[in-house]
Amino acid sequence: MFASLKRAFKGATREVAAEYGQNKDFLEAVCAAAALVAAADGDIEDSERRKLVSLVQNHSTLSKLYQSNVIEQTAETMFKRAKEASGRQQLARELDDIKSLPNGAQMAEDVYLLAQDIANADGEVEPEEDVVLKKIASRLGVDTSKFDF
């Protein structure tokens, strides 16, 4: 009985991985959006870094696809890029990578919502962060009116 449950679970995990792309595009897009929002006010705070890692580690899909060290490393790479204009443009391009994936629309919504959580990490969404959130939504084609609750 346990063997059949284990096979079913492994099959479901492979299905999720295949559906979301077995590369790091989804994780990179999440971390890129978070870094863009965190850098919007000119200061990337440690609380924003910790919040991102925590959110990804507790995300129902991302936590199944990536190990903690991969999450932390990817987040740190994206936060480093956010310090320069050329790096921020690279981050914006990371968002484009998920649009053509099989479940790109849902990934885009998740990326936007996780970025929104980062913007609210200190309890308040700053005007600069709100501008970046709108740019992220526009680039990903996310209808933000879906989240008015």
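Start by selecting Glu 94: this residue is buried, because its relative accessible area is 11%, under the 20% cut-off. You'll find Glu 94 in helix 6. Keep in mind that you're looking at a predicted model.

Now show what surrounds Glu 94. Setting aside neighbours within four places in sequence, Glu 94 is in contact with Glu 28, Ala 29, Ala 32, Met 78 and Arg 81.

Not counting residues up to four places away in sequence, Leu 52 touches Val 30, Cys 31, Ala 34, Ala 75, Phe 79 and Ile 118.

Then pick out Tyr 112 and Phe 147. Why is this pair called stacked? Their ring planes sit at 25°, and the cut-off for stacked is under 30 degrees; the ring centres are 5.9 Å apart. The two come from distant parts of the chain, 35 residues apart: Tyr 112 is in helix 7 and Phe 147 in the segment after helix 8. Tyr 112 is buried, at a relative accessible area of 8%, and Phe 147 is buried too, at 18%.

Last, colour by pLDDT. The protein averages 87, and 85% of the residues score at least 70. Zoom in on residues 12-16, though: there pLDDT stays under 50, and the model has two contacts beyond four places in sequence for this stretch.

Note on methods:
Residues are numbered from 1 along each chain as its sequence is written. This is a predicted model: local features need pLDDT of at least 70, side-chain atom pairs count only at pLDDT 80 or more; totals for chains, interfaces and linings use all residues. Side-chain values use heavy atoms; hydrogens and water are left out. Contact means heavy atoms within 4.5 Å. pLDDT is the predictor's confidence in each residue, from 0 to 100. Helices (H or I, at least four residues) and strands (E, at least two) are DSSP runs, numbered from the N terminus. Buried means under 20% relative accessible area, exposed over 50%, partly exposed in between (1.4 Å probe, protein chains only). Rings of Phe, Tyr and Trp (its six-membered ring) pair if their centres lie within 6.5 Å; planes under 30 degrees apart count as stacked, over 60 as edge-to-face and the rest as tilted.
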